[in-house]
Amino acid sequence: MRLDDPQADPLEVWEAARALELVLQGSGDQMRLGTALYLQARAALRAGDPGAALRLAAEVHRAHETFPDPTFQAAAWITEAEAHYALFRTPEARRALRLAAQACLDLGDEVGLLEVLLVLAADLRYEAPAFGEKLLAVVARHPRSNAAQRRRAARSPGQEAVPDDLRALVTEGLAQFG
C-alpha cells in the first residue's frame, strides 16, 4: 500500500487496510493493527472523509495503549489535526498539531517534524503567509524530507536556509498561534 503515491486510489488503500485490520483483529499484534488503522485514517482523509479519519485516528491511539509507539501516536495526531482543519475546527486542529509536534520533538523525529511543518504552513497561509512559505521552502529542501513531503511543499521553491535543527522552527511556527 503506497498511500503517498499521488496515483494511488485512496478508497482502494482504505479497503485494503480495512481487510488487513480484519485479519489482524484478535491476533494480539497491536503494532500491525495500529498500522492498518493508521493507513485507513490517512486514506479516509485523502478520500475526503475527515469524520472517518478522526474516528480511525482515535482507534490508532487506543490500539497503541497496549503497545505504545510514540511515532504512531504523533502520526495519528497529525492526521487528527488535518481532519479537524478539513472540518473547520481550527482550535482542535491546533491542539492536535501541538501534541504531534511535542511527540516528534521528544522523539527527535525529523520526518515527523517535517509533516508538522507542512500542516503548520497550511494553517498559516492567511495569518502569516511569508512564514508559511518559509516553512514550505525548508521542507522542500531539507535533506530528511521524503519524496511525498517534497512534492507537497514544492509550490514554494524559496531560498530559505535549511536549519540543522528543526526544533526552533517548529517552536516559532507554533508560537504564531498565540
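**Figure 1. Helix H2 and what covers its buried residues.** In this predicted model, the cover over the buried residues of H2 includes H1, H3 and H4. Twelve of the 17 residues of H2 are buried, so the helix is largely enclosed by the rest of the structure. Among these buried residues are Leu33, Leu37, Leu39 and Leu45, together with Gln30, Gln40 and Arg42. At 1.5 Å a residue, H2 should span 24 Å, and its end C-alpha atoms are 24 Å apart, which agrees. Gly48 follows H2 and has a positive phi, near 85°.

Figure 2. Ala44 belongs to helix H2. Its relative accessible area is 0%, so Ala44 is classed as buried, the cut-off being under 20%. When residues up to four places away in sequence are not counted, Ala44 touches Trp14, Asp49, Ala52, Ala53 and Leu56. Leu54 lies ten residues from Ala44 in sequence, and the C-alpha atoms of the two are 9.0 Å apart in space.

Figure 3. Helix H3 covers residues 50-63, and its 14 residues should span 20 Å at 1.5 Å a residue; the end C-alpha atoms are 20 Å apart, which agrees. Ten of the 14 residues are buried, so H3 is largely enclosed by the rest of the structure.

Figure 4. His84 sits in helix H4. With a relative accessible area of 10%, His84 is buried. Leaving aside neighbours within four places in sequence, the contacts of His84 are Leu54, Arg89, Glu92 and Ala93.

Figure 5. Helix H5 (90-107) and helix H6 (110-123) each contribute at least two residues to the lining. Sorted by class, the lining has four charged, three nonpolar and one polar residue.

**Figure 6. The whole chain, for orientation of the close-ups.** The protein has nine helices and zero strands. Along the sequence the pattern reads α-α-α-α-α-α-α-α-α. The radius of gyration is 16 Å, close to the 16 Å that the globule rule gives for 178 residues, so the protein is as compact as a globular protein of that length. Along the principal axes, the C-alpha trace spans about 50 × 35 × 30 Å. Of the 178 residues, 49% count as buried. Among contacts with a separation of 6 or more, 57% are between residues 24 or more positions apart.

Methods:
Residues numbered from 1 in each chain as written. Predicted model: local features only at pLDDT ≥ 70, side-chain atom pairs only at ≥ 80, totals over all residues. Heavy atoms only, no water. Helix = DSSP H or I, 4+ residues; strand = E, 2+ residues; numbered from the N terminus. Expected span 1.5 Å × (residues − 1). Buried < 20%, exposed > 50% of the residue type's maximum accessible area, 1.4 Å probe, protein only. Nonpolar A, V, L, I, M, F, W, Y, C, P; charged D, E, K, R; others polar. Contact = heavy atoms within 4.5 Å. Rg over C-alpha atoms; globule rule 2.2 N^0.38 Å.
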